[in-house]
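The following exercises concern one protein model, shown below. Each task is followed by a solution in steps.

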Amino acid sequence: IDSVNYNTTKDVYRNRFTIKSTGNLDMTMRVDLEVTNNGFEENALKYVVYNNTGQTLKSGYVVKSGIMNLVDNLCLPVSGEATYTLIVWLDNKTYNQNFEFGKTITGKINVYGQQIKY
């Protein structure tokens with residue numbers, strides 16, 4: 001795939017997730033993608049993160065392993081919620097990518113929140 005947009009569903013990994021505040025103070029939050037195993041070639045997988053209105057927040061290449069920041073320092077008000085969509089796809093390269101068939105990637109999305117002290 002050459003590129004994606006907020007509505008792309010074909011031939012991509014798509015994860016839409018919502019974060020809800022249950023605290024009694026506003027909070028700042030950070031969302032990371034922790035890649036534990038990426039069998040694909042370096043810079044073979046691209047990603048993009050959208051907010052709930054389809055605005056691009058961050059994009060780039062998925063790391064081979066480790067932690068990638070997806071969203072940082074965003075405010076979530078008391079009893080608020082924020083919805084994000086992560087899309088990952090195999091970048092369209094100018095060489096034969098048949099050797100990428102059957103490879104896997106594993107990881108998880110981590111969310112960290114910190115209450116804002118007034």
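**Exercise 1: Contacts and overall architecture**

Task: determine which share of the contacts in the protein chain with a separation of 6 or more comes from residues 24 or more positions apart.

Solution. Contact means heavy atoms within 4.5 Å. With this criterion, residues 24 or more positions apart account for 79% of the contacts in the protein chain that have a separation of 6 or more.

Two conventions apply throughout. This is a predicted model, in which local features need pLDDT of at least 70 and side-chain atom pairs count only at pLDDT 80 or more, while totals for chains, interfaces and linings use all residues. Residues are numbered from 1 along each chain as its sequence is written, and side-chain values use heavy atoms, with hydrogens and water left out.

The next step is the secondary structure, for which helices (H or I, at least four residues) and strands (E, at least two) are DSSP runs numbered from the N terminus. The protein chain has zero helices and seven strands. Its C-alpha atoms fill a box of roughly 55 × 25 × 15 Å along the principal axes.

**Exercise 2: Burial of selected residues**

Task: classify Ser21, Asn69 and Thr85 as buried, partly exposed or exposed.

Solution. Buried means under 20% relative accessible area, exposed over 50%, and partly exposed in between (1.4 Å probe, protein chains only). Of the 118 residues in the protein chain, 35% are buried.

1. Ser21 is found in the loop between strand 1 and strand 2. Ser21 counts as buried because its relative accessibility is 9%. Leaving aside residues up to four places away in sequence, Ser21 touches Leu76, Pro77, Val78, Ser79 and Gly80.
2. Asn69 belongs to strand 5 (residues 66–76). Its relative accessible area is 23%, so Asn69 is partly exposed. Beyond residues up to four places away in sequence, its contacts are Arg30, Val31, Asp32, Tyr47 and Lys58. Asn69 and Glu34 are 35 residues apart in sequence, with 8.7 Å between their C-alpha atoms.
3. Thr85 has its place in strand 6. A relative accessibility of 0% is the reason why Thr85 counts as buried. Among the residues touched by Thr85, not counting those up to four places away in sequence, are Tyr6, Arg14, Val48 and Tyr50.

**Exercise 3: Positive phi angles**

Task: compare the placement and exposure of Asn43 and Asn73.

Solution. Asn43 has a positive phi of about 60° although it is not a glycine. It lies in the loop between strand 2 and strand 3 (45–51), and its relative accessible area of 34% makes it partly exposed. Asn73 likewise has a positive phi of about 60° without being a glycine. Asn73, however, lies in strand 5, and it is exposed because its relative accessible area is 59%.

**Exercise 4: The largest pocket**

Task: state which strand gives the most to the lining of the largest pocket.

Solution. On a 1 Å grid over the protein atoms alone, a pocket is an open set of points where a 1.4 Å probe fits, with protein on both sides within 12 Å along at least five of seven lines; lining residues have an atom within 4 Å of a point.

1. The volume of the largest pocket is about 230 Å³. Of its 13 lining residues, the closest to the centre are Tyr13, Leu33, Val88, Ile105 and Gly107.
2. Strand 1 (13–20), strand 2 (27–38), strand 6 (81–90) and strand 7 (105–115) each supply at least two lining residues.
3. Strand 7 gives the most, with five residues.

How values were computed. Grid points are joined across faces, edges and corners, and a volume is the space filled by probe spheres set on the points.
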